[in-house]
Amino acid sequence: TLSGHALSTETISLNFQDQTSDKTTNFNQQNNTPWHDFAHFATAVEQLKDTSPDKAFSYLSQVEQRIKALPLGNQLTFYKIKAQLYQALGEFSSSKSVAEYGLALAKTLDTPSQVIVELLYARGSAIKSLGDLNGALAEFTNGLEVAEGLNNKKYIAIGLVNVGAISYLMEKFEQALTVFNDAFSLALEINDEELKGYISKELGILYSLLGKTEKSMTFYQQSYMHYQKAGKKYSAHISLLDIAFNHSVNQRFEQAIVLYKKIIDNKEAIGDASLLAAVYSGMAWAQLNKADKDEKASLQYMLMAQQHSAKSQQYDVSVTHRIDRGYLLVKLKQYEEALILADEALDNMVRYLKPNDNYAATISFINLLLLKAEAYYNLGDFHQAYLFQSQLAKFSEKMRERTNMGVIDDLRIRYESEQADLTNKILEQEKSLQNLLLVDSRDALENRKLWLVLVI
């Protein structure tokens, strides 16, 4: 969920008066921010959240005991920020609880407000991370309805993207394409860089799930660019991780390693253990598969991934990390150990994941079947390898029957045409209003096609 007065980490300070004493708490003498200027404080913490969630949470926590003395609107803003910070730090259960507390307080408001939308989206994001897709969809839908009642275009667009992200996880790819297209139109209209980054990232994931890795890369790169422009360092690093994964999928391991190193060098901007586990796991795989493979480094990075995965609250990490480690061990010819991890992953999948209800879980299940088949084959147990390959073939056929790729392709073509037309119209408006004579409409359209939504 997406979350001025620029303040660096070093210049944030809080001065607030205890009306029952003369004591003043000053967290930094370099800049005096009066406690009564809550908007200033909230803006400072939200900006710090984009670069260092840990430090932002620390600042926020230091004033929590006094928050009830503030007006209700400020209290709701406080709990919204806290819920979002918990999400960024990977503390999803805590994020859900804080968002619920804020929403309970909001029931006393006379009219809906933007902060209610943000709290609903925060609770939905936490529930999604904990694995309840239907529950998350309900929260996102409720938030979207409030945003529509407020006619808040940015939060309508965010809500649409949230719903679309749930849709593709439920294998409703046509619906995801439709709502992403609607959100894209709003993003063009309001020209919000953070929103463009969010939409581009989710489109990258969707195209990746549909097997279109090069188009997916285009969206990830655009997402990174938009987040950088918006100053959203945390989100930009997540998009950079997506780009690194894409390089690995296409066997550009050296390029992936460069990006993994960049993320690791700036890991203070990422507090979520599940993301850090993914970074180190990706680095381990790239180190083992590059031209001059480094088995020692690969094992070291996988050990770090294991440490972070153990701390993660993300519902699927216990499965995906074991599968990643299993493939690494197969590559190292440690087949028995790989099978042990595969069995552990399957046990966790039975408890936490339902492949028929979650497309990401479906992909994990396919990878698990492949892992077991490959391990048994290399051990010379061709009967077991055949059984798992047969199971994989049957499961894959059912997947194809559920997915109507022809309809999805038709939608992509239609939306490309619609968005190209919309982009041209907006360009012409800009030209007439602002005398922009630098490029003609065709050149401008080509430049902007990098982030058109539904391009083939």
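This dialogue goes through how to read several features of one predicted protein model.

Reader: What should I know about the model and its numbering?
Author: Residues are numbered from 1 along each chain as its sequence is written, and side-chain values use heavy atoms, with hydrogens and water left out. The model is predicted: local features need pLDDT of at least 70, side-chain atom pairs count only at pLDDT 80 or more, and totals for chains, interfaces and linings use all residues.

Reader: How many helices and strands does the protein have?
Author: Helices (H or I, at least four residues) and strands (E, at least two) are DSSP runs, numbered from the N terminus. Here there are 20 helices and two strands.

Reader: What percentage of the residues count as buried, and what area does the protein expose?
Author: Buried means under 20% relative accessible area, exposed over 50%, and partly exposed in between (1.4 Å probe, protein chains only). Accessible areas come from the Shrake-Rupley method with a 1.4 Å probe; for residues, only the protein chains shown count as cover. Of the 456 residues, 53% count as buried. The protein exposes about 21,100 Å², and carbon and sulfur atoms supply 50% of that area.

Reader: At what angle do the axes of α15 and α17 cross?
Author: Axes are lines fitted to C-alpha atoms, for helices over the stretch in contact, and angles run from 0 to 180 degrees between N-to-C directions. Angles under 35 degrees count as roughly parallel, over 145 as roughly antiparallel, 65 to 115 as roughly perpendicular and the rest as oblique. Helix α15 (residues 317–331) and helix α17 (residues 359–378) have axes that come within 10 Å and cross at roughly 30°. The two helices are therefore roughly parallel to each other.

Reader: What is the hand of the crossing of α15 and α17, and which residues make the contact?
Author: A crossing is left-handed if the near helix is turned anticlockwise from the far one by less than a right angle, and right-handed if clockwise. The crossing of α15 and α17 is left-handed. Contact means heavy atoms within 4.5 Å. On the α15 side the contact is made by residues including Val-319, Ile-323 and Tyr-327, and on the α17 side by residues including Leu-368, Leu-371 and Glu-374. For classes, Ala, Val, Leu, Ile, Met, Phe, Trp, Tyr, Cys and Pro count as nonpolar, Asp, Glu, Lys and Arg as charged, and the others, Gly among them, as polar. The contact of α15 with α17 divides into eight nonpolar, four polar and one charged.

Reader: How do α13 and α14 pack?
Author: Helix α13 (residues 273–289) and helix α14 (residues 295–309) pack at an angle of about 165°, with their axes 8 Å apart. They are therefore roughly antiparallel to each other. The crossing is left-handed. Among the residues in the contact are Leu-276, Tyr-280 and Leu-288 of α13, and Tyr-301, Met-302 and Ala-305 of α14. By class, the residues of this contact divide into 12 nonpolar, five polar and one charged.

Reader: Is Leu-328 buried or exposed, and what does Leu-328 touch?
Author: Leu-328 lies in helix α15 and counts as buried, at 1% relative accessibility. Not counting residues up to four places away in sequence, Leu-328 touches Ala-284, Trp-285, Leu-288, Ser-298, Leu-299 and Met-302. Leu-299 is 29 residues from Leu-328 along the chain, and their C-alpha atoms are separated by 8.6 Å.

Reader: Where is Asn-246, and with which residues is Asn-246 in contact?
Author: Asn-246 is in helix α11 (residues 233–249) and is buried, with a relative accessible area of 5%. Leaving aside neighbours within four places in sequence, Asn-246 is in contact with Thr-213, Ser-216, Met-217, Tyr-220 and Arg-252.

Reader: What is the phi of Asn-151, and what is the phi of Glu-171?
Author: Asn-151 has a positive phi of about 55° although it is not a glycine. Asn-151 is in the loop between α6 (133–150) and α7 (153–169), and is exposed, with a relative accessible area of 56%. For Glu-171, phi is near 65°, a positive value in a residue other than glycine. Glu-171 is in the loop between α7 and α8 (173–190), and is buried, with a relative accessible area of 12%.

Reader: How do the axes of α7 and α8 cross?
Author: The axes of α7 and α8 come within 8 Å and cross at roughly 160°. That makes α7 roughly antiparallel to α8. The crossing is left-handed.
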